[in-house]
Amino acid sequence: MEKFRSFDEIRKSLEKKETDCKAIVKYYLSNIETKAQLNAFVEVYSQSALEQAAAIDEKLASGKAGKLAGMVIGIKDVLCYNEHEANASSKILEGFESQFTGTAVQRLIDQDAIIIGRLNCDEFGMGSSNENSVHGKVLNAIDESRVPGGSSGGSAVAVQANLCTVSLGTDTGGSVRQPAAFTGVIGLKPTYSRISRYGLIAYASSFDTIGVFSNNITDNALVLETMAGPDDFDSTSSRKPVPSYSKLLHFDKPAKIAYLKETVYSEALQPEIKANTLNVLEKLKEEGHVVEEINFPLLDYVLPTYYILTTAEASSNLSRFDGVKYGYRTPNAHNLESMYKLTRSEGFGDEVKRRIMLGTFVLSASYYDAYFTKAQKVRRLIKDFTEDLLTKYDYIVLPTTPSTAFKFGEHSNDPVAMYLEDMFTVQASVSGVPSISIPNGKDNNGLPIGLQIMANSFKEAELYAFANYLTAAAFNK
């Protein structure tokens with residue numbers, strides 16, 4: 001039986017002096033080595049993690065340790081950690097070493113969490129299968145012939161395979177929730193602006209959100225309450241107070257729940273996912289909650305809106321990677337123009353190039369109003385519809401993904417089929433509201449199914465409490 005599947009287990013073991021932080025780190029390092037074929041980690045910080053652990057053991061002995069002492073965390077390869085490499089799983093940032101630590105990561109370290117390494121992902125967070133990484137694909141630990149989801153596939157597998165206690169991913173359109181569903185773990189995308197983006201290598205700045213993977217709700221809530229809050233380095237971070245989420249997990253009142261007809265009865269939905277989702281909704285009715293079907297007429301517009309806006313932002317954000325200041329520079333240039341062209345052609349992967357080209361097209365003078373401006377207007381309609389619905393209902397429940405984990409190569413030659421994997425997750429991203437994916441049984445092949453829950457902006461406490469209720473043994477008996 002594997003040890004340390006929760007932080008509570010680690011904490012109790014430390015309190016009883018059955019173990020120490022160095023032993024915990026060595027346990028995870030051993031797991032990482034044993035399961036190296038999964039390719040979840042791009043780089044393991046063995047030495048610095050053990051040094052951190054030794055220092056925290058001294059703090060524990062003197063009673064001065066932070067609340068996350070003993071928690072071992074892996075971070076997605078788009079998050080900056082001082083004096084450690086960060087290359088967004090892209091050749092173009094080859095050899096780039098961070099000169100500072102991002103705010104979210106620093107706040108975890110300040111509470112004595114131990115950073116064990118950086119995790120594989122789709123290049124610049126662009127993908128739904130973790131097949132677009134310069135470091136190679138990540139394997140799903142349940143079935144190594146299948147994808148772990150993306151773009152935070154490495155982060156999901158690290159928690160799934162017990163390579164760390166908790167991991168950080170980023171969610172632009174479902175990149176935490178979709179891999180969480182594919183790997184059978186919990187994945188949260190908080191409200192946009194709840195966590196500072198300082199130190200996050202940008203993909204689409206008005207969508208990017210740091211998210212959390214865990215095996216249980218309590219660990220997830222504890223990490224969020226530590227990272228969240230205002231930050232002078234990020235003017236878009238919210239100044240709203242941060243509740244103690246991990247202490248507000250009790251759920252004991254009737255709720256009003258909406259489910260979207262167009263998602264639950266979608267033709268694209270795998271039959272087992274539909275059955276499991278309807279089963280949860282029926283159980284909620286039996287438990288005395290109000291459960292109502294709602295029409296969502298804008299569903300067909302959510303995905304096009306998302307891809308128009310995110311590719312536009314990506315084309316702008318990624319223009320800084322040109323071979324001049326840092327990262328990869330082509331050895332084949334003969335003048336300045338060829339240096340720019342060849343560096344970007346050789347440094348970026350196919351999916352990133354595709355999105356840069358799409359974004360450049362929709363921002364071009366001839367098409368700006370036809371695509372980008374129109375997409376911004378539709379985004380407002382989707383946001384208003386979602387927020388209005390969440391003032392009438394406490395939660396929206398829907399499947400996380402239309403299918404369970406698919407096989408490697410299944411959608412590689414069909415970008416549109418790959419983009420459709422995000423069809424149920426992008427609504428929360430376009431609207432900026434918090435959303436969580438929790439495990440909801442398995443399909444006929446034994447592959448995990450995810451259930452997604454949305455709440456209104458800054459209602460993470462209520463979202464966690466409801467998710468905790470749905471994952472409790474009493475609910476699932």
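I116 counts as buried at 0% relative accessibility, where buried means under 20% relative accessible area, exposed means over 50% and partly exposed lies in between, with a 1.4 Å probe and protein chains only. The residue I116 is found in strand β3, and its C-alpha atom lies 5.2 Å from that of Y45, although I116 and Y45 are 71 residues apart in sequence. Helices (H or I, at least four residues) and strands (E, at least two) are DSSP runs, numbered from the N terminus. This is a predicted model, in which local features need pLDDT of at least 70 and side-chain atom pairs count only at pLDDT 80 or more, while totals for chains, interfaces and linings use all residues. Residues are numbered from 1 along each chain as its sequence is written, and side-chain values use heavy atoms, with hydrogens and water left out.

**Backbone features in loops**

The loop between β3 (114-119) and α5 (153-160) holds S151, which is joined to G150 by a cis peptide bond with omega of about 5°. N130 also has its place in the loop between β3 and α5; its phi is near 60°, a positive value in a residue other than glycine, and N130 is buried with a relative accessible area of 0%. N162 has a positive phi of about 60° although it is not a glycine, and is found in the loop between α5 and β4 (166-171). The relative accessible area of N162 is 0%, so N162 is buried.

**Two helix contacts of α12**

Helix α12 (residues 350-363) packs with helix α13 (residues 368-392), and α12 also packs with helix α10 (residues 299-317). In the table, axes are lines fitted to C-alpha atoms, for helices over the stretch in contact, and angles run from 0 to 180 degrees between N-to-C directions.

| Helix pair | Angle | Distance between axes |
|---|---|---|
| α12 and α13 | about 105° | 7 Å |
| α10 and α12 | about 100° | 7 Å |

Angles under 35 degrees count as roughly parallel, over 145 as roughly antiparallel, 65 to 115 as roughly perpendicular and the rest as oblique. The helices α12 and α13 are therefore roughly perpendicular to each other, and α10 and α12 are likewise roughly perpendicular.

The contact of α10 with α12 is made by Y307, I308, T311, A312 and S315 of α10 together with R355, I356, L358, G359, T360, V362 and L363 of α12, where contact means heavy atoms within 4.5 Å. By class, this contact of α10 with α12 has seven nonpolar, four polar and one charged residues; Ala, Val, Leu, Ile, Met, Phe, Trp, Tyr, Cys and Pro count as nonpolar, Asp, Glu, Lys and Arg as charged, and the others, Gly among them, as polar. T360, which is found in helix α12, is partly exposed with a relative accessible area of 45%. T360 and A314 are 46 residues apart in sequence, and their C-alpha atoms are 9.0 Å apart in space.

On the α13 side, F361, V362 and L363 of α12 meet Y368, Y371 and F372 of α13. The residues of the contact of α12 with α13 divide into six nonpolar, no polar and no charged.

The structure holds 24 aromatic pairs; rings of Phe, Tyr and Trp (its six-membered ring) pair if their centres lie within 6.5 Å, and planes under 30 degrees apart count as stacked, over 60 as edge-to-face and the rest as tilted. The pair of F182 and F406 is edge-to-face, because the ring centres are 5.9 Å apart and the planes stand at 90°. F182 lies in helix α6 (residues 177-183) and F406 in the loop between β9 (395-399) and α14 (415-419), so the pair ties together parts that are 224 residues apart in sequence. Both F182 and F406 are buried. Elsewhere, ring pairs link F96, F124, F321, Y326 and F348 into a cluster.

The loop between β9 and α14 also holds F408, which is buried with a relative accessible area of 17%. Leaving aside neighbours within four places in sequence, the contacts of F408 include S129, E131, K137, V138 and L139.

Charged side chains also lie over rings: K240 lies over the face of F458 at 5.3 Å from the ring centre, and R379 lies over the face of F207 at 3.9 Å from the ring centre. A charge sits over a ring if NZ of Lys or CZ of Arg is within 6 Å of the ring centre and within 35 degrees of the ring normal.
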